[in-house]
Amino acid sequence: MTYVWIGLTILVYSLSRQLSKKWASPFTNVVFLSTAILILMLLVTGQSYDTYKPATDIITILLGPATVALGLPLYRNLPVLLARAKRALSAIVLGSLSTIFVAVLFGKLFSFTENVLIALSVKSATSPIALELARQLEGDATLAASIAVACGILGAMLGPVLLTWIRMDDPFTRGLTLGTISHGIGTAQAATEHPLSGATGGAAMGLTAIFTSFILPILYPFLF
């Protein structure tokens, strides 16, 4: 059954890519649409997530090589990245700090528990970093990882629309923005727009995760 679900996942992903190319919309974002279709399939067939999980465990192995593959566009666009490195680093620092402060402020306005606040504060770091940071801060690691994935999907869905709305067409800036706010999922979306966007997104994703992992434990006593 595991291999059946792997096959169905690949089929759904391929279908979602075709629909995304034909009808560009936040709701045809490949990750969002694939996830929605697979959830619907589980509900219709009456299968539990436990049935599907072994398939995800196998597919997840490919995340390592996929992440390493992000180094190729980085290498190809290295001169451009180095030429704009100072501004990019400043944007990543400011973007990372703003996502932390805005998330915590939002949570406090709605009187969220400290566990939720911690999960919100690490949402823009890539999921493995968010998970470990939440554990270090004695928060709920599972919740943190879930919120990180959800924010990644939302960022990949709505980020390009908002950037286009404000007439931000520069591939470098679009990739930088998506990589900073929505880590790997945003970077994958950026890569579909332009090779430079994908390269910048990959760099932003990694640097945001590193910066967040260092700065958040320092800010923790003042934020919570």
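1. Among the elements of the protein chain, helix H4 (residues 63-69) has the lowest mean pLDDT, 72, whereas H7 has the highest, 92; pLDDT is the predictor's confidence in each residue, on a scale from 0 to 100, and helices here are DSSP runs (H or I, at least four residues) numbered from the N terminus. For the protein chain the mean pLDDT is 88, with 99% of its residues at 70 or more. Where pLDDT is low, the predicted coordinates should not be read in detail.

2. On the basis of the note: this is a predicted model, in which local features need pLDDT of at least 70 and side-chain atom pairs count only at pLDDT 80 or more, while totals for chains, interfaces and linings use all residues. Residues are numbered from 1 along each chain as its sequence is written, and side-chain values use heavy atoms, with hydrogens and water left out.

3. Helix H7 also takes part in a helix pair, since its axis and that of H11 come within 10 Å and cross at roughly 35° (axes are lines fitted to C-alpha atoms over the stretch in contact, and angles run from 0 to 180 degrees between N-to-C directions). The crossing of H7 and H11 is right-handed, that is, the near helix is turned clockwise from the far one by less than a right angle. In contact (heavy atoms within 4.5 Å) are Ala88, Ala91, Ile92, Gly95 and Ser96 of H7 with Phe172, Leu176 and Thr180 of H11.

4. A search of the whole structure finds 1 cavity of 30 Å³ or more, a cavity being a set of points on a 1 Å grid over the protein atoms alone where a 1.4 Å probe fits but cannot get out. The largest cavity holds about 40 Å³ of space, a volume being the space filled by probe spheres set on the points. Its lining (residues with an atom within 4 Å of a point) includes Ser96, Lys123 and Thr212, and H7 gives the most to that lining, with 3 residues.

5. The second largest pocket holds about 250 Å³ of space, a pocket being an open set with protein on both sides within 12 Å along at least five of seven lines. Of the 13 residues that line this pocket, the closest to its centre are Leu154, Gly155, Gly159, Leu162 and Ile181. Helix H10 (141-165) and helix H11 (171-193) each supply at least two residues of the lining, with H10 giving the most, 7 residues.
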